[in-house]
Amino acid sequence: MKARTAVTLSWVLWSSGYYLYYPFYSLVAERVVGEAGLGRLYFFVTVINVFLPLIGALVAERLGVRLAIPISLTLSGIGVAMIPLANSPVTLYLCSVLSFAFFLGLPSYYAVMSKLGEGTISFVWAVSLLPSLVFPTLGGTIVQYFGFVLDFALAGILVVLASLFTFSLDDARERGRLHSPSVIPMLVIVPISVISPFFTPILSSLGLDYQEIGILVSVSELLGMFMAFYLRRLGSLGLTISLLVFSMIYFTSVNPWVGVTYGAWEAIIPLSLDYAVNDKTIRGYSVTISSQQVGWLVGYAVDSVLGDPGLLLMISSVVSLTLAVLSIPLTRRALQGRRASS
């Protein structure tokens, strides 16, 4: 099996599990820690996540990609399945940390994809969004009629099964140096992280039931899929457009279905990785992913301090719009570079 096919199938299966449970993670967590505790929960988990990519790079160098990725996905799947069984803040925190163990294998994933050519990360990311058109709605239906435990258990199984396709990947154990990360992938995370813990609870408070939330998330992911696939051809201009679309999230407070603009985050992240990362080795990506976690950490810190979903919705929109404006000079330089080379 070709590397591009293997990594795409693995990523699609992993994303199937992810989209089956993640729209409802905040709703499960809210039952244990309350709305006011969501920001602190996400902050704590992300503090741990900052270090996981760096550890994952060391694991890949010792064991190779073929083992590093399956180990990370297996641990993650177990954590996902255990989340709705948590009956205290401590057990919820531990299960949540374990569910994010896929960060151990993420540098290996990105390094493999980067070797397949520029734009591959955005392409694979876009294709892996196909499950998001169905699985949030499927997850909402399962939760509505059978409960959270079954939904999260099925999601965990899918995450573990995603490792089956990675055994055919190139098992090169490259070693590199730790370089300073690009600041762009970190900054663009902030508007996403500010609102992500409260997005589905906001939709719920605006009157949508679990099934309707699943449908809205599916539609938003459809938007993100098309943006990731088509905007990758525009380079850094695509990143600017994605940030502008995401900035419209504030108008969810006027009509909850405007929340489909939240799906733009699915284009923001891969575009920032494809066109703003210079060191494309496993260690290089581990530093970049860790710096992204710092971006998530900043947003969750704001959540912990403010805790007001309406205010955070506005902050997320303003920050995204500001970053879009600031990215315009980057886009101009990229366009000038293309003209000079043509």
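Buried, as used in these legends, means under 20% relative accessible area. The views below show a predicted model.

**View 1. Q292, a residue in helix α17.**
Let's start inside a helix: Q292 belongs to α17, which covers residues 282-306. Its relative accessibility is 5%, so Q292 counts as buried. Leaving aside neighbours within four places in sequence, Q292 is in contact with P185, M186, I189, I269, S272 and L273.

**View 2. S196, a loop residue between two helices.**
Here we move to the loop that joins α12 (190-195) to α13 (199-205), where S196 is found. With a relative accessible area of 10%, S196 is buried too. Not counting residues up to four places away in sequence, S196 touches S26, Y262, W296 and Y300.

**View 3. Y110 and W11 in the largest nonpolar core.**
This core has 98 residues, and W11 and Y110 are those with the most contacts inside it. Look around Y110 and you will find that it touches W11, I121, W125, L273, Y285 and I289, again not counting residues up to four places away in sequence.

Two or more lining residues come from each of α11 (184-187), α15 (236-246) and α18 (309-326). By type, the lining has 9 nonpolar residues, 1 polar residue and no charged ones.

Notes
Residues numbered from 1 in each chain as written. Predicted model: local features only at pLDDT ≥ 70, side-chain atom pairs only at ≥ 80, totals over all residues. Heavy atoms only, no water. Helix = DSSP H or I, 4+ residues; strand = E, 2+ residues; numbered from the N terminus. Nonpolar A, V, L, I, M, F, W, Y, C, P; charged D, E, K, R; others polar. Core = buried A, V, L, I, M, F, W, Y, C linked by side-chain atoms within 4.5 Å. Buried < 20%, exposed > 50% of the residue type's maximum accessible area, 1.4 Å probe, protein only. Contact = heavy atoms within 4.5 Å.
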